[in-house]
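Please look over the model below before reading on.

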Amino acid sequence: MAQIDAAVRLAPISALASAATVFVVVLSFWPYGDHAYLIALFLAIQSVVLAILFGCSRWAGSSSRSPRTAMTAAVAGGGALGLLWGTMPMELFATGDSREQLLITGTVTGLICTGVVVAPLVRAALAFMLPIIAGSFIALAQTGDRFFLFIGSLLAFYALFVSFSAIYLSRLFQERFTEQLRVEDQAATIRLLLRDFERTASDWLWRTDSLGRLRDVSDRFADALDASSMDLERAPFIDILRNAHDGTLASDHASLDELQSCMTASRHFRDCVVEGRAHGERRWWSFTGAPEFDAQGNFLGYRGVGSDVTIARESAAKIAYLASHDMLTGLPNRASFEQSIGHAFEGLASNEEHFALLCIDLDGFKAVNDTWGHPAGDALLRAVAGRLRSCVRERDRIARIGGDEFAVIDRSGEPGSATALASRIIEHLSAPYQIDAMDFSISASIGVAYAPHHGIDLGSLLKNCDIALYEAKLTGRRNYRVCTV
């Protein structure tokens, strides 16, 4: 079908060349030639040319086409035109003078060349050329002139060259058409896969033009951004994402700026996560994109894949939270506390900021836990955590470091701040608790140690703070003691 389509586009050129040529031949030989033959040749060739043009037109405009029928018609049309032209040298060459013979020779040479035009259908091309070549040989042989026999040998070489050239071009056309069909088949397969991807996958495809404006926006992409495809079409991609951020989110625009930087420089990017808001919720979207260029290296735009990674992001954040927080009270756990106090020591080294460590132990908690059970004890610990939060300031760090043990890092650096905080904590924690319509009373003992005076690392500071806590419990509990080491 592809070969016939190519031949149909080229065949009218060869046919019209024949129609014009026969007019020149008849006009040139009219004063000397056989008028009946010339008229018959003219009318016959024009009829075949019209038939070829009509057949090409029908093929181009038909929706139901038979390649076998078209191939047969092409060979028949080419053969008929070749046979008619093949009679011309046999009829006119021997009786003509040198000028007329030169005209016939040029005409025959040109006609043989036009046969190469329909090389995509090599059988039609050969059907057209071979009768002309055969007629030329016969015409040369009829003269009996030795000179024309040499011309015939040259014609033989020329005919072989043109014939093999037509066959070679036909093979090239066939290989090209086969490759083109293979590429089209692959493209169709890719389109089917992309449509299936768009329909079934949770990700979506996105595309921009050279100015960074969205093109061919899918419904899935539009829904992810809480917009319509029509509103997003031709809208600047980066501006859409910035508007989705809307300035109400806590995160900065670093990832969005990085994405814009990559697109400005026409660089690949992968799994670039940006934050936004859609459907009234905080969302995270991951984008991967690659620039497109044409054959001359001109930038055409971007193609890429996007996905909503909100669930994965929230799951990762939850895992990170659980790794650093106590599940019962929601306070930072011991690992997080040790990290915080490490940062405090770093600040101590760089800024010479003093800080205090308060170790808190609950008095009477074990009796409540043993008497009323773990549910009551857990509820009491959650209540204690709530009161501790109300006691500390924003710069302070609080953590649960054991069963009924808590710690606070006082980073105010002000004299008397830690002891005032200790007194406030004892007062708040010693007030009665009501849990499940039952009243509980506990108190707290606190040890206080200062860095760097009582320790220049976590181990020594904790050890001295525990000594101060032990002394507080020995003196009757419900009080605090400052390390005296």
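The text below moves from the whole protein to single residues.

**Basis**

This is a predicted model, in which local features need pLDDT of at least 70, side-chain atom pairs count only at pLDDT 80 or more, and totals for chains, interfaces and linings use all residues. Residues are numbered from 1 along each chain as its sequence is written, and side-chain values use heavy atoms, with hydrogens and water left out.

**Overall form**

The protein has 16 helices and 11 strands. Helices (H or I, at least four residues) and strands (E, at least two) are DSSP runs, numbered from the N terminus. The radius of gyration is 47 Å, whereas a compact globule of 485 residues would have a value near 23 Å. That radius is taken over C-alpha atoms, and the globule rule is 2.2 Å times the number of residues to the power 0.38. Along the principal axes, the C-alpha atoms fill a box of roughly 145 × 50 × 35 Å.

Of the 485 residues, 40% count as buried. Buried means under 20% relative accessible area, exposed means over 50%, and partly exposed lies in between (1.4 Å probe, protein chains only). The accessible surface comes to about 26,100 Å², and carbon and sulfur atoms hold 59% of it. Accessible areas come from the Shrake-Rupley method with a 1.4 Å probe; for residues, only the protein chains shown count as cover.

Contact means heavy atoms within 4.5 Å. Among contacts with a separation of 6 or more, 61% join residues 24 or more positions apart.

The protein carries 43 positive and 53 negative side chains. Lys and Arg count as positive, Asp and Glu as negative; His and the chain ends are not counted. The centres of the two sets lie 3 Å apart. Each charge is placed at NZ of Lys, CZ of Arg, CG of Asp or CD of Glu.

Is Ser 18 buried or exposed? Ser 18 is buried, at 0% relative accessibility. Ser 18 sits in helix H1, which covers residues 2-29. Beyond its neighbours within four places in sequence, Ser 18 is in contact with Ile 45, Val 49, Leu 81, Trp 85, Leu 111 and Phe 128.

Ala 17 also lies in helix H1. Ala 17 is partly exposed, with a relative accessible area of 27%.

Val 117 belongs to the loop between helix H4 (98-115) and helix H5 (122-143). Leaving out residues up to four places away in sequence, Val 117 touches Leu 10 and Ser 14. From Val 117 to Ser 315 the C-alpha distance is 68 Å, across 198 residues of sequence.

Ala 278 is in strand S2 (residues 269-278). Not counting residues up to four places away in sequence, Ala 278 touches Ala 224, Leu 225, Asp 226, Arg 283 and Trp 285. Ala 278 and Ala 166 are 112 residues apart along the chain, with their C-alpha atoms separated by 64 Å.

Asp 226 lies in the loop between helix H7 (219-224) and helix H8 (229-232). Asp 271 is found in strand S2.

Relative accessible areas for these residues and Val 117:

| Residue | Relative accessible area | Class |
|---|---|---|
| Val 117 | 24% | partly exposed |
| Asp 226 | 45% | partly exposed |
| Asp 271 | 49% | partly exposed |
| Ala 278 | 2% | buried |

Most residues other than glycine have a negative phi, and most peptide bonds are trans. Asp 226 has a positive phi of about 60°. Asp 271 has a positive phi of about 50°. The peptide bond from Ala 451 to Pro 452 is cis, with omega near 15°. Pro 452 falls in the loop between strand S10 (443-451) and helix H16 (458-474).

**Cysteines**

How many disulfides are there? The count is zero, a disulfide being a pair of cysteine sulfur atoms within 2.5 Å. Cys 272 is in no disulfide, and its nearest cysteine sulfur, that of Cys 262, is 6.6 Å away. Cys 272 is buried, at 9% relative accessible area. The sulfur of Cys 483 is too far from its closest cysteine sulfur for a bond, because that of Cys 465 is 7.9 Å away. Cys 483 is buried, at 7% relative accessibility.
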